[in-house]
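Please look over the sequence and the structure before reading on.

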Amino acid sequence: MLTVGYEIGFHVDEMDMNLYGKSVWSYYQTGGKDSSYIRPQYEDGTKVGVTIPSYGTFFELIAVGVNKMVGNENGYEFNVRHGLNQIFAVLTVLFAALLVRLLGGGYLGAVITTLLLMSSPTFVGHGFMNTKDIPFAFGYTA
């Protein structure tokens, strides 16, 4: 997952979440004066959906922060987001396997859990670029 996810493209939700992350970053950078995170909008005036603030800012701040640290703001910023999302997906699998082992499934149950999650097209697909659900799944599982 970590090797094939580089430059896989992006979808519209990622564009919205990236803009939301930049708006939240701006809020903290200005000491709360910039309130554009409440209803972020693109340069052409297109507003992002009203549900965006409901997803939380943890992952978005990490992604924007890493992009700003490496100077990767225009161009490959989605690759950083994908890489971070894929790390969260792998950690989700690890924590799910540990949870199954802890709940009495033993090592066999943990291995089966790992195989089932990594062979699930839905989970792997979301693991590549769904920056809303995979960090939530990681937090919930952990």
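**Aromatic pairs**

The model is predicted. Across the whole structure, a search finds six aromatic pairs. A pair of aromatic rings is described by the distance of the centres and the angle of the planes. Two of the pairs are set out here.

| Pair | Centre to centre | Angle of planes | Arrangement |
|---|---|---|---|
| Phe 95 and Phe 138 | 5.5 Å | 85 degrees | edge-to-face |
| Phe 136 and Tyr 140 | 6.0 Å | 20 degrees | stacked |

Phe 136 and Tyr 140 are both in helix α5; because they are four residues apart, about one helical turn separates them. Phe 136 and Tyr 140 are each exposed. Ring pairs also join Phe 59, Phe 88, Phe 95 and Phe 138 into a cluster.

**Helices α3 and α4**

Helix α3 spans residues 77-118 and helix α4 spans residues 121-129; the two pack at an angle of about 145 degrees, and their axes are 5 Å apart. By class, the contact of α3 with α4 has eight nonpolar, six polar and no charged residues. On the α3 side, the residues that meet α4 include His 82, Asn 85, Leu 117 and Met 118. Among those on the α4 side are Phe 123, Val 124, Phe 128 and Met 129.

Asn 79 is also found in helix α3. Its relative accessibility is 14%, so Asn 79 counts as buried. Asn 79 and Glu 60 are 19 residues apart along the chain, and their C-alpha atoms are separated by 14 Å.

**The largest pocket**

The largest pocket holds about 200 Å³ of space. Its lining has 15 residues, of which Tyr 55, Phe 59, Lys 132, Pro 135 and Phe 136 are the closest to its centre. Helices α2 (58-70) and α5 (133-141) each supply at least two residues of this lining. The largest share, five residues, comes from α5. By class, the lining of the largest pocket comprises eight nonpolar, four polar and three charged residues.

Notes
Residues numbered from 1 in each chain as written. Predicted model: local features only at pLDDT ≥ 70, side-chain atom pairs only at ≥ 80, totals over all residues. Heavy atoms only, no water. 1 Å grid on protein atoms, 1.4 Å probe; cavity = no way out; pocket = protein on both sides within 12 Å on 5 of 7 lines; lining within 4 Å. Points joined across faces, edges and corners; volume = space filled by probe spheres on them. Nonpolar A, V, L, I, M, F, W, Y, C, P; charged D, E, K, R; others polar. Axes fitted to C-alpha atoms, helices over the stretch in contact; angles between N-to-C directions. Contact = heavy atoms within 4.5 Å. Buried < 20%, exposed > 50% of the residue type's maximum accessible area, 1.4 Å probe, protein only. Phe/Tyr/Trp six-rings, centres within 6.5 Å; stacked < 30°, edge-to-face > 60°.
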